Amino acid sequence: MKVRVVATAATMRDLPLVLRSGGITRLESLGLISTWSERVDEVHRYTAGSRADRVLDLHDAFETRDVGLILSVYGGYNSNQLLDAIDFNRIRSYSPFICGYSDFTAVLNACVSQGVGKAIHGPSFASFCSPNAFDYTIEGFLAVLHGREHTFESPLVEASDLWFLKQGYGPREVQSSPPWWAYREGIATGTFVGGNLETLSHLIGTPFMPDTVNRILFVEDTTGTNAAMFHRDLTHLRQSGYLSDLAGLVVGRVPSGTVLSERSVISDILDDVLTNIRRYPVLIDVNCSHVDPMITLPLYSRCRLEASQVPRIVVNC
């Protein structure tokens with residue numbers, strides 16, 4: 001399968017050549033051939049090229065018929081600038097997979113809302129560049145990409161260190177991983193929507209916020225350091241009606257030692273935000289992105305959330 005790497009927010013220029021080479025090699029080992037958007041290395045102030053240039057690259061990625069997977073470089077800020085300039089009608093007849101996380105949440109959920117492509121919340125190109133990428137991440141990603149049913153359970157270990165700033169890009173600071181936690185028990189089935197909470201909240205009031213009715217919503221915080229902001233953004237979702245009729249809710253894990261890693265803090269926030277909202281399963285501390293390893297969630301196929309004593313997420317089921 002041919003991959004097209006796009007930069008909808010941050011530029012590829014900040015990714016050292018040695019890491020790019022490692023990412024290309026790893027993707028090749030998985031049967032994926034890397035190609036690049038024409039303007040992936042451009043810089044326009046604080047984004048990867050002008051808005052018009054980034055949209056051109058995204059259109060081209062969709063319309064190149066042998067591209068089966070569009071992969072985000074990594075996150076950043078301001079992918080949402082593109083959404084009202086993307087011609088969704090023009091690209092609707094194309095159906096590549098489109099994958100990434102963090103700020104790329106804006107593009108993924110806009111694609112869901114507009115019925116375009118096969119959106120996947122999962123690793124970015126930079127994730128494959130790590131010399132110490134987790135097998136857990138790669139195995140789940142491949143299962144989703146190839147349409148196989150796959151069961152995600154709590155990983156035994158995790159890491160949240162900034163590996164890309166280290167000399168030699170490692171080793172990772174690996175530690176034991178607390179198990180996922182069922183805040184509200186139950187089983188839910190449906191398709192997933194969501195991603196980075198701050199990015200998602202900026203879609204509210206636009207045509208690009210997907211419907212959440214009878215869907216499983218997942219949200220995650222980048223750093224876990226600002227409980228007040230997390231509480232504010234979840235409250236915004238509630239007040240906008242996006243938490244009322246969910247099939248289930250998943251809250252992502254944050255780096256250990258941060259305020260939001262304390263389950264009592266998350267519990268207090270959810271006690272408030274979910275007051276007077278009908279009961280549905282809620283699973284906490286799930287590896288949704290900014291802590292490695294991460295799960296890969298298809299936003300287009302039926303999945304099952306099992307919030308129980310042995311929590312699981314089953315995709316493509």
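User: How many cavities of 30 Å³ or more does a search of the whole structure find?
Analyst: The search finds one. On a 1 Å grid over the protein atoms alone, a cavity is a set of points where a 1.4 Å probe fits but cannot get out, and lining residues have an atom within 4 Å of a point. This is a predicted model, where local features need pLDDT of at least 70, side-chain atom pairs count only at pLDDT 80 or more, and totals for chains, interfaces and linings use all residues. Residues are numbered from 1 along each chain as its sequence is written, and side-chain values use heavy atoms, with hydrogens and water left out.

User: What volume does the largest cavity have?
Analyst: About 50 Å³, where volume is the space filled by probe spheres set on the grid points, joined across faces, edges and corners.

User: Which residues line the largest cavity?
Analyst: D221, F230, V251, G252, V254, L260, I266, I284 and D285. Strands β13 (248-252) and β14 (282-286) each give two or more residues to this lining. Strands (E, at least two residues) and helices (H or I, at least four) are DSSP runs, numbered from the N terminus.

User: F230 and I266 again, then. Where do they meet other residues?
Analyst: They belong to a helix contact: A227, F230, H231, L234, T235 and R238 in α8 meet V265, I266, I269, L270, D272 and V273 in α9. Contact means heavy atoms within 4.5 Å.

User: At what angle do α8 and α9 pack?
Analyst: Helix α8 (residues 227-239) and helix α9 (residues 263-273) pack at about 25°, with their axes 10 Å apart. The axes are lines fitted to C-alpha atoms over the stretch in contact, and angles run from 0 to 180 degrees between N-to-C directions. The two helices are therefore roughly parallel, a word for angles under 35 degrees.

User: New topic. What about the largest pocket, how big is its volume?
Analyst: About 1,200 Å³. A pocket is an open set of points with protein on both sides within 12 Å along at least five of seven lines. Its lining has 50 residues, and G75, Y101, S102, T222 and H290 lie nearest the centre.

User: Last one: where are the cis peptide bonds?
Analyst: One joins G170 and P171, with omega about 0°. Another joins D292 and P293, with omega about -5°. P171 sits in the loop between β7 (157-158) and β8 (175-176), while P293 is in the loop between β14 and β15 (297-298). Most peptide bonds are trans.

Terms used. Parallel < 35°, antiparallel > 145°, perpendicular 65-115°, else oblique.
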